[in-house]
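Here are some notes for reading the model beside its sequence. Please keep both in view as you go through the points.

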Amino acid sequence: MFDTPELAAFRAQVRAFVRAELPDDVRATVRAGRQLAREQYERWHARLAARGYLVPHWPVEAGGQGWGAAQRLVFDEEMCTNDAPELNSITFDMIGPVLIRYGDAAQKAAFLPAIAAGTQWWCQGYSEPNAGSDLASLKTRAERRGDRYVVNGSKIWTSGAQYADWMFCLVRTDAEAKAQEGISFLLIDMKTPGITVRPIRGIHGWEVFNEVFLDDVAVPAANLVGQENRGWTVAKSLLEFERLKLARVGENKRRMARAREIGMRATADGATLFDQSWFRKRFAALEVRLLALEANAARFVERAAHGEPVGAEVSMLKLRGSQLIQLWEQLAVDALGAAALAFDPAALHGDGGADALGLPELAATASSRRFLSRGYTIAGGSSEIQHNIIAKQVLGL
Ligand SMILES: Cc1cc2nc3c(=O)[nH]c(=O)nc-3n(C[C@H](O)[C@H](O)[C@H](O)COP(=O)(O)OP(=O)(O)OC[C@H]3O[C@@H](n4cnc5c(N)ncnc54)[C@H](O)[C@@H]3O)c2cc1C
């Protein structure tokens, strides 16, 4: 929508790359809505890294390409609509940029090259059983003993912890200080003794989340990012890096394409779903919402391009983008009808086969995808929290 001639040329370049380089089995797995193996991600990471496309939004001096917001949105859109997997935002968009901004020289040297090569995986240890939206009430303790911290507590909903090499973690280092002032930001090697990872299988059948228990985990003091008790500032900056991407325009387009595919398949009497008014109306209504989302995202991209702050109203992108994804997934389930009810968790594994995209295959994972999409309105700040931000900071209510 916001393509200038330069961006259109860039888009063509990215599209050619992803169509030529994305491994067939990875594409098939993504198209079939199945869970990818770490090995599949790593093969794709290697190809992206070789082309300079794995961390292109990082500054050039840190190993990136210094891309701005518009290039990133175009890139994400082309990746999504050509069935490339969503990359691990926690690794590439969160901890990488945090270390670039707040890490000391030793931390940058130790971690950035491996992250940029796509070989080191991270997870985010923020949430706890009683600290989610109200994150500042977290209780996991880190006690300084000589040249190390000793960490005790537990984290929950830690995405990808079962595959992660490292975790960046918020810990309480001063129990007496005001909630946000006694928190520190630590980098923890997941192989350290005392760490137990327990996967949580979701209603969608995917093992996305984990509980992470930390019992007397010794962490070198050199792994503290920024100053002790000043971790809240570092923690908050993660959100800043990601705010525009949270519109998820590309992810929505991917879902629209899938809904269109389903709608075009012949039904029993030879007509397509697009011949039925209920489907046509719902599809059109969602497409219009997507156009509006894209237009709004373009406004924020413009602001960012002119060096203006995007402001708290960017919360509307997260709100609308995450809600729309759920509406597309719901449309797919409704369109597939009873076939989508028979959910077999085994259907989530395997590479999907190069042509595993008949209606039965789409139906086998449709319910799972719908449940998975519920997480989008919770992760990264729930819809209610986004409403609060808009009410207080934008509307002044
Ligand atoms: C897909 C997904 C991935 C995640 N990955 C990670 C991860 O990798 N690492 C990590 O640390 N965490 C992760 N989380 C956890 C996520 O950050 C929390 O779920 C989120 O912050 C909400 O916290 P909670 O689940 O404790 O719910 P709560 O904060 O207990 O909220 C419960 C309900 O109350 C509402 N509510 C809470 N406070 C208010 C308020 N002030 N005003 C109005 N309504 C309110 C919420 O909107 C929600 O509906 C992930 C979550 C999801 C869904």
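Which residue just after H3 takes a positive phi? Gly52 does, with a phi of about 80 degrees.

1. This is a predicted model, in which local features need pLDDT of at least 70 and side-chain atom pairs count only at pLDDT 80 or more, while totals for chains, interfaces and linings use all residues. Residues are numbered from 1 along each chain as its sequence is written.

2. Helix H3 covers residues 38–51, 14 residues in total. Helices are DSSP runs of H or I with at least four residues, numbered from the N terminus. From first C-alpha to last, H3 reaches 20 Å, close to the 20 Å expected at 1.5 Å a residue (1.5 Å times one less than the number of residues).

3. Trp44, His45 and Leu48 of H3 are buried (20 or more other C-beta atoms within 10 Å of the residue's own, placed from the backbone). The buried residues fall within an arc of 110 degrees seen down the axis of H3, so they line one face of the helix; the arc is that of the directions from the helix axis to the C-beta atoms. They pack against helix H2 (24–31), where contact means C-beta atoms, placed from the backbone, within 7 Å.

4. On the other side of H3, Glu39 and Ala50 are exposed (12 or fewer such atoms).

5. The domain assignment, automatic or from a database, gives domain 1 (5–117), domain 2 (122–230) and domain 3 (238–394). The C-alpha centres of domain 1 and domain 2 lie 26 Å apart. Their contact takes 12 residues from domain 1 and 11 residues from domain 2.

Methods: Helices (H or I, at least four residues) and strands (E, at least two) are DSSP runs, numbered from the N terminus. Two residues are in contact if their C-beta atoms, placed from the backbone, lie within 7 Å.
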